[in-house]
Amino acid sequence: MALKRVLIIFFVLLAWYYVGEAVDDRQFVLTLDQSNFTQTITKHDFVLVEFYAPWCGHCKELTPEFEKAASILSTNDPPVVLAKVDANDEKNKDLANEYDIKSFPTLKIIKDGGKTIQNYKGPRVAEGIVAYMKKQTGPASIEIKSVEDGSTLIEGDKIVMVGVFPELSGEKFTTNSIKPYQQQPKNKLMRPYKPEQTNQAIQDSVPTMALKRVLIIFFVLLAWYYVGEAVDDRQFVLTLDQSNFTQTITKHDFVLVEFYAPWCGHCKELSPEFEKAASILSTNDPPVVLAKVDANDEKNKDLANEYDIKSFPTLKIIKDAGKTIQNYKGPRVAEGIVAYMKKQTGPASIEIKSVEDGSTLIEGDKIVMFEKAASILSTNDPPVVLAKVDANDEKNKDLANEYDIKSFPTLKIIKDGGKTIQNYKGPRVAEGIVAYMKKQTGPASIEIKSVEDGSTLIEGDKIVMVGVFPELSGEKFTTFLALAEKLRSDYEFAHTLDAKLLPRGDTSVSGPLVRLLKPFDDLVVDFEDFNLDALEKFIEEATIPTVTVFNSDPKHHRFVIKFFSTPNVKAMLFVNFTSKSFGDFESKYHDIANEHKGTGIRFLIADIETSKGAFEFYGIREDHLPVIVINNNDKEKYLKPNLEPDHIESWLKDYKDGKVAPYVKSEPMPAVNDQPVKVVVADNFDDIVYKSGKNVLLEFYAPWCGHCKKLGPVLVKVAKSFAKDDDVVIAKIDATANDIVHEEFEIKGYPTMYFKSASGKLLQYTGKRSKDKIIDFIKKNKEETSQYDSVKDELGGEDELRATVVRGI
């Protein structure tokens, strides 16, 4: 076996020596920007352009596939050019706007020197890109000349359009857009297309290149002949299901199980890494078994439920024949999986016997930022203890509820034996954690003893609370220190005996008072009420600008976050900051905001270039701009589109007088709604769900949701089974594109299904998402509509009927 492996290496090296430069490492993907884009596009008949962003993970995954496809397509006839544009680069913004780039990566097919532009809708792997683009360069329609041609054309699940003509000419034939691509005369010497050397001579002759390629094939075949069975094609990842899962788990001490779904993209990416890791770990001592379970398969549903599988892929470490189960929290690449699992098979704690052991333990990236910060802070005076709680563990659920843990990780600062609890709002890197926590352990308020102290304290864009006191004692001083301790995570606090040391405000005051120094609106505000609640309310209101600015400037971001965190009614003006009318909008809006101080309405002005994420949330369209939106405490929205500066005041008055109807975000109502599963939007929600008097099963879904996509065909089958039952409606609504104004529908995830009976009873469906289970549920809970029709007629309407039913319940 060893000899055969040596032979492999020998022949591969020999092949490499002979082929030399036959291996081409050229870059085939052109890099375009604003300066060369048009010139390149007009030069070529077929260009596939990727608009990407350097930080985009999917773009990085696509890069090697795109490059591989480009190298293959460079020899196509006609050649297809693949290019890329950094659409995140400021100099390419106009290009990104011109081509309507809203996400990354976006691929566009550009033909005929830029005259024809199409969205690329093919695969994202090299072979798929090549096949898709070769099809694009061929004739748009092919001629069927035989029965065999016709049969081959429609095999599988294709949708095919066939034009039947008495002759292949004339206006109707042309309208059908059958325009075969006119191939260019073939070059006598074909070579890979190298964009930057289009007009240069071919460096290697065809015979030389051919000889080198023959040598590659010869040596590879020779190596293959000698190595024989040395190449191991075994599958190291075990495939488990309900029938063999328990038997396999009980047989091994360490098993890492991937619960996957065949349609899951992340699962497909993980697959080769998982297999590679499995092959390495199979020789570990003790051996670690890697296995996979198709949790999407109906026969494995009980397994998926038992192991609480809610997303794909989910990896579980199962030890001691199934007695110990842990979530895998390591990397998703082969080397990382191997390192993580080797650590799991070793002792849970290792003994430190020397200084070197201690130093080695925390070097490099072996220790996470939290652990590193903990080691530094352990020597602080006073020491700061860092701790962690597995809030996902059932035994810690009460703790998680007590501390209101809703996302991970959540960090809490707990002081004075649990009497004081604060949210940690600092950095998430070791150095930042250390600096932030050292500040927390120092005094909550520092004394200003000189002009330099005062100037240093308020430099930059800080918000600072300074207490001015005739003496640093007494009830009011104690209240101020308590306030500082409570709010130290959010603001800077200081105190002084002399107002002359402060850079702003009346220097003659002796206090006691609290002086708020801030970088916006009134730069100095004094407050003399030392009731703790009153002080907190004062700071809360005074530290939000009269008009919060939402643009790309980072200094405004903390105020934007605070604006959306307050319980006040929110008025938001969306306008183009570079437009000629912006100055008028800004001036008028500030005047109105000042007039409404203290009325419970907060005001924000947002640049449309920065706040596009809010458009979808509030249902704003481009044709609404400029627009003002009010979001009240009842979660209702009010909208005034196509706004002029002079419209703001009168519209706001109408809103306060109750003359403006709430705005409900809705997709357009379907012109035809005759599919088995009916389409519900916000504008027809009441008609279909409430006023139809029928039994309605309604799915709330999101277009991007994998589980929703899987459920779709199931619901179609359910709907078809009730096709002859006029009392039952199966429907769906895109909950991301339509406002759900009825609070009784609690949507916490997708898909969510509710059943409304003919009488108005509402039930959430939480069973298995299978055709039979859903049908059984509907049959069990549906009601005949005829008995309610007569009651409705007597009462005079659906609303009265619903009220009667509710009272009866």
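What kind of unit do strand 2, helix 3 and strand 3 make?

Reply: Happy to! This is a predicted model, in which local features need pLDDT of at least 70 and side-chain atom pairs count only at pLDDT 80 or more, while totals for chains, interfaces and linings use all residues. Residues are numbered from 1 along each chain as its sequence is written, and side-chain values use heavy atoms, with hydrogens and water left out.

Strand 2, helix 3 (residues 57-73) and strand 3 form a right-handed β-α-β unit. Helices (H or I, at least four residues) and strands (E, at least two) are DSSP runs, numbered from the N terminus. Right-handed means that, with the strands pointing away from the viewer, the path from the first strand over the helix to the second runs clockwise.

Let's start with strand 2, which spans residues 46-52.

Strand 2 runs parallel to strand 3, joined to it by six bridges. Two strands count as paired if DSSP finds at least two bridges between them. Within this pairing, V49 stands opposite A83, and E50 has K84 as its bridge partner. Strand 2 is also joined by six bridges to strand 4 (residues 106-111), this time antiparallel; there, V47 stands opposite I110.

Strand 3 covers residues 81-86, and five of its six residues are buried.

Now for the surroundings. The chain has 28 helices and 27 strands, and 39% of its 809 residues count as buried. Further along there is an open sheet of five strands in the order 13-15-14-16-17, with mixed pairing. Its edge strands, each pairing on one side only, are strand 13 (446-447) and strand 17 (524-527). Inside that sheet, strand 14 (residues 464-468) and strand 16 (residues 513-517) run antiparallel, joined by five bridges, with V464 opposite L517. Helix 18 (residues 475-487) lies across strand 14, strand 15 (492-496) and strand 16, at about 160 degrees to strand 15. Helix 19 (residues 532-542) lies across strand 14, strand 16 and strand 17, at about 165 degrees to strand 17. These angles run from 0 to 180 degrees between N-to-C directions, with axes fitted to C-alpha atoms, for helices over the stretch in contact.

Another open five-strand sheet has the order 18-20-19-21-22, again with mixed pairing. Strand 18 (547-550) and strand 22 (637-640) are its edges, each pairing on one side only, and the twist averages 20 degrees from one strand to the next. Strand 19 (residues 569-575) pairs antiparallel with strand 21 (residues 627-631) over five bridges, and A571 faces I630 there. Helix 21 (residues 582-595) lies across strand 18, strand 19, strand 20 (601-607) and strand 21, at about 170 degrees to strand 20.

A nonpolar core is a set of buried Ala, Val, Leu, Ile, Met, Phe, Trp, Tyr and Cys residues joined through side-chain atoms within 4.5 Å. In the largest one, of 23 residues, L573, Y589, F603, I605, I630 and I648 touch the most other members. Strand 19, helix 21, strand 20, strand 21 and helix 23 (647-656) each supply at least two of its residues, and helix 21 gives the most, with five. I605 touches residues including V547, F550, L573 and Y589, not counting residues up to four places away in sequence; contact here means heavy atoms within 4.5 Å.

Conventions
Buried < 20%, exposed > 50% of the residue type's maximum accessible area, 1.4 Å probe, protein only.
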